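Hi,

Here's the structure I promised to pass on.

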Amino acid sequence: MKILVTGGAGYIGSNLVDALISAGHEIFVVDNLSTGKIANVQHLLGHERFHFVNDTILNEPLMDRMIAQVDLVYHLAAVVGVKYVVEDPLNGINTNVTGTEVVLGKTYKYWKRTVIASSSEVYGKSTAVPLKEEDDRLFGPTTVARWSYAMAKAIDEHFAFAYTNKGLPVSIVRYFNSYGPRLDPKGYGSVIAKFITQARLGQPITVFDDGQQSRCFTYIDDTVRGTILTGTTPEAVGQLFNIGSNRETRIMDLAQMIRDLVGSDSKIVAVPYCNVFGENFEETRRRVPDVSRAAEILTFRAETRLEEGLKKTIAWFQQAWPRHKLAPGRSDLAGFFEPSEQIEP
């Protein structure tokens with residue numbers, strides 16, 4: 001098939017592109033490199049079945065031309081990362097909502113199957129774990145910018161279901177804390193990437209609050225496999241899926257695990273959220289997906305154990321980011337060493 005991947009130079013997007021190229025498809029990517037990196041697709045430049053455009057999904061004439069020529073669209077482009085969202089909520093809302101509106105408008109025009117990438121952030125502060133796709137959502141006040149990302153993704157889902165009601169073949173995936181090679185600590189604020197870097201440098205590993213909050217971490221190979229299944233399984237049309245592991249891990253335990261796997265003697269220190277994001281910041285304590293729908297319809301289950309995935313991720317970081325490139329004074333790593341928790345892509 002001819003497939004468009006928006007945000008295809010990003011962490012998840014570029015890994016998805018690799019899998020689709022390996023499967024023999026012709027891939028088109030639109031990415032403005034705001035959080036994506038050309039290095040993630042450098043190895044594909046010049047490939048006869050890979051086409052890259054450095055531009056925004058808000059460029060309607062471009063998106064019209066791109067979508068007209070493909071069979072399937074994976075829409076992953078978005079502003080992600082707590083630092084970006086909190087510091088510039090307007091840009092996040094505009095890109096994440098208007099961008100999805102543009103994509104769906106064009107796929108509806110040319111009647112193309114579409115997969116919309118959403119996020120476990122959509123559940124907000126819900127405590128109804130394990131979280132089912134149709135569960136109620138709970139958000140904080142609109143004065144807290146952190147929730148603007150979750151609301152924008154929820155609106156994206158409403159757009160998708162509105163087009164589904166018109167007959168367009170659309171599916172939605174909600175990602176749960178994906179991690180693996182190509183994570184960009186500066187760009188996404190991934191807690192796993194942050195801990196790996198701090199441990200490798202022997203710096204304090206900074207855990208927010210008491211570290212007892214928990215997440216379910218999903219290795220990138222599983223994230224990609226669930227995404228592809230959602231776009232190729234006929235029964236997935238019109239459906240919403242949690243794509244992730246359901247193994248719950250406390251952040252403090254994650255920090256200790258990464259420290260041990262790196263072989264570091266870093267201390268683990270607690271940092272209040274307000275020290276980084278101000279007084280007006282809220283977080284959810286637990287986020288665990290119900291994965292039964294994905295298992296039943298997609299025959300998907302996350303297969304990579306956290307310890308195995310962390311070893312692969314650490315090995316990639318050691319190769320891609322040698323210690324001499326991690327000097328705290330480097331301008332291209334501004335913000336790299338600030339403690340950060342991930343807002344899900």
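This is a predicted model: local features need pLDDT of at least 70, side-chain atom pairs count only at pLDDT 80 or more; totals for chains, interfaces and linings use all residues.

Asp209 sits in the loop between strand E8 (205–208) and strand E9 (214–215); helices (H or I, at least four residues) and strands (E, at least two) are DSSP runs, numbered from the N terminus. Its phi is positive, about 55 degrees, although Asp209 is not a glycine. With 37% relative accessibility, Asp209 counts as partly exposed (buried means under 20% relative accessible area, exposed over 50%, partly exposed in between, with a 1.4 Å probe and protein chains only).

Residues are numbered from 1 along each chain as its sequence is written, and side-chain values use heavy atoms, with hydrogens and water left out.

Asn177 is another non-glycine residue with a positive phi, about 40 degrees. Asn177 belongs to the loop between strand E6 (170–175) and strand E7 (178–179), and at 2% relative accessibility it counts as buried. There is also a cis peptide bond, joining Val129 and Pro130, with omega about -5 degrees. Pro130 lies in the loop that runs between strand E5 (113–119) and helix H5 (146–165). As background, most residues other than glycine have a negative phi, and most peptide bonds are trans.

The overall picture

The protein has twelve helices and 13 strands. Of its 345 residues, 57% are buried. Take the contacts (heavy atoms within 4.5 Å) between residues at least 6 apart in sequence: 81% of them join residues at least 24 apart.

Helix H7 and its two partners

What does H7 meet in H9, and at what angle do they cross? The axes of H7 and helix H9 (residues 251–262) come within 9 Å and cross at roughly 45 degrees. Axes here are lines fitted to C-alpha atoms, for helices over the stretch in contact, and angles run from 0 to 180 degrees between N-to-C directions. The two helices are therefore oblique to each other (under 35 degrees counts as roughly parallel, over 145 as roughly antiparallel, 65 to 115 as roughly perpendicular and the rest as oblique). The crossing of H7 with H9 is right-handed, meaning that the near helix is turned clockwise from the far one by less than a right angle, with anticlockwise being left-handed. On the H7 side the contact has Val191, Ile192, Phe195, Ile196, Ala199 and Arg200, and on the H9 side Ile251, Leu254, Ala255, Ile258, Arg259 and Val262. Those residues divide into ten nonpolar, no polar and two charged (Ala, Val, Leu, Ile, Met, Phe, Trp, Tyr, Cys and Pro count as nonpolar, Asp, Glu, Lys and Arg as charged, and the others, Gly among them, as polar).

H7 (residues 191–200) also packs against helix H12 (residues 306–320): their axes come within 11 Å and cross at roughly 60 degrees. H7 and H12 are therefore oblique too, and their crossing is right-handed. Ile192, Ala193, Ile196, Thr197 and Arg200 in H7 meet Leu310, Thr313, Ile314, Phe317 and Gln318 in H12. This contact divides into six nonpolar, three polar and one charged residue.

Leu254 is buried, with a relative accessible area of 0%. Leaving aside neighbours within four places in sequence, Leu254 is in contact with Val191, Ile192, Phe195, Phe217, Thr249, Leu306 and Leu310.

In helix H1 (residues 11–22), ten of the twelve residues are buried. At 1.5 Å a residue H1 should span 16 Å, and its end C-alpha atoms are 17 Å apart, which agrees; the expected span is 1.5 Å times one less than the number of residues. After H1 comes Gly24, with a positive phi near 100 degrees.

Asn15 is found in H1 and is buried, with a relative accessible area of 14%. Not counting residues up to four places away in sequence, Asn15 touches Pro181, Arg182, Ile220 and Val224. Asn15 and Arg182 are 167 residues apart in sequence but 8.2 Å apart in space, C-alpha to C-alpha. Ile220 and Val224 are among the buried residues of H8.

Cheers
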